Amino acid sequence: MHDLYIVHYCHPGCTPFSSITRLPEAEAYAAAELLARQNEGRAFSRFADFSNYYPLRIRTEEWLYDHFLALGGEPETNHPLYFTLADSDFLRDWFGGGERITALPLTSIDARHISFTYGDSCARMDSPERRDPITKQTLLAEAAAHSGGPEAFLAEVQQRYRYIEAQLWNDSYTAGKYNDAVELHQTNFERTKP
């Protein structure tokens with residue numbers, strides 16, 4: 001499990017390491033309208049129906065935050081940045097075939113600053129299959145206890161939930177990586193333009 005990393009995906013038309021819920025509500029609605037109008041694809045369908053998506057996303061983040069605090073987490077923001085544990089072909093496709101923006105080694109992230117959910121936290125919010133967020137220690141223990149080992153654990157989780165979502169609650173891990181991410185983002189955007 002020492003080789004695990006978290007990955008941030010970003011559509012070519014968006015800014016890396018950002019979250020629409022960090023904007024004031026009126027700005028979030030304006031940004032969603034613009035993004036939905038200027039972009040096609042699965043990633044923007046949620047913004048086309050923002051009056052339903054936004055309250056659900058806010059409620060989801062409140063649930064994530066409250067559970068993370070109860071687990072001993074020390075969030076430095078109310079709205080996390082979203083990653084996946086390891087690569088996700090599903091999300092690469094969801095975000096328009098874009099490349100991953102960054103990969104941070106899981107070993108470099110303090111357990112007090114990260115939580116995990118099986119699958120998309122917002123999509124599973126009201127699902128009977130929803131599991132509460134877990135800590136880094138719990139995730140690593142579940143992976144280590146799997147009869148097929150950590151690789152089989154990840155494969156099984158990806159088959160059932162598509163990916164493991166990671167919520168990063170401290171922006172210091174992405175500080176200094178923004179310029180590199182923007183450069184990569186611009187390169188990918190140039191490469192994918194018609």
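The legends below describe close-up views of a predicted model.

**View 1. Aromatic pairs around tyrosine 118.** The structure holds nine aromatic pairs. In one of them, the ring centres of tyrosine 118 and phenylalanine 153 are 6.4 Å apart and the ring planes stand at 80 degrees, so the arrangement is edge-to-face. Because tyrosine 118 belongs to strand β4 (residues 114-118) and phenylalanine 153 to helix α6 (residues 149-161), this pair ties together parts that are 35 residues apart in sequence. Tyrosine 118 and phenylalanine 153 are both buried. Tyrosine 118 also pairs with tyrosine 161: the centres lie 5.5 Å apart with the planes at 35 degrees, so this pair is tilted. With tyrosine 118 in strand β4 and tyrosine 161 in helix α6, the second pair ties together parts that are 43 residues apart in sequence. The relative accessibility of tyrosine 118 is 6%, which counts as buried, and tyrosine 161 is buried with a relative accessible area of 8%.

View 2. The largest nonpolar core. In soluble globular proteins, nonpolar side chains tend to be buried together. The largest nonpolar core of this model comprises 23 residues, and Ile6, Leu85, Phe116 and Ile164 have the most contacts inside it. Two or more residues each are given to this core by β2 (81-85), β4, α5 (136-145), α6 and β6 (164-168). Helix α6 supplies the largest share, four residues. Helix α3 and its buried residues. Helix α3 (residues 50-70) has 21 residues and reaches 30 Å from its first C-alpha to its last, close to the 30 Å expected at 1.5 Å a residue. Its buried residues are Phe50, Tyr53, Tyr54, Arg57, Ile58, Thr60, Glu61, Trp63, Leu64 and Phe68. These buried residues pack against α1, α2 (45-48), β2, β4 and β6. Phe50, Tyr53 and Tyr54 form one aromatic cluster together with Tyr29. Arginine 57 lies over the face of tyrosine 82, at 4.7 Å from the ring centre. Just after α3, glycine 72 adopts a positive phi of about 95 degrees.

View 3. Lys136, Leu139 and Ala143 are the residues shown as buried in α5. Viewed down the helix axis, the buried residues of α5 fall within an arc of 65 degrees, so they line one face of the helix. The face turned away from this buried side carries the exposed residues Gln137, Ala144 and Ala145. Packing partners of the buried residues of α5 are β2, β4, β5 (134-135), α6 and β6.

**View 4. Leucine 23 in its loop.** Leucine 23 is located in the loop between β1 (5-9) and α1 (25-38). With a relative accessible area of 31%, leucine 23 is partly exposed. Not counting residues up to four places away in sequence, leucine 23 touches Ala28, Ala31 and Tyr54. The C-alpha atoms of leucine 23 and histidine 79 are separated by 10.0 Å, while the two residues are 56 residues apart along the chain.

Note on methods. Residues numbered from 1 in each chain as written. Predicted model: local features only at pLDDT ≥ 70, side-chain atom pairs only at ≥ 80, totals over all residues. Heavy atoms only, no water. Phe/Tyr/Trp six-rings, centres within 6.5 Å; stacked < 30°, edge-to-face > 60°. Buried < 20%, exposed > 50% of the residue type's maximum accessible area, 1.4 Å probe, protein only. Lys NZ or Arg CZ within 6 Å of the ring centre and 35° of its normal. Contact = heavy atoms within 4.5 Å. Core = buried A, V, L, I, M, F, W, Y, C linked by side-chain atoms within 4.5 Å. Expected span 1.5 Å × (residues − 1). Arc of directions from axis to C-beta.
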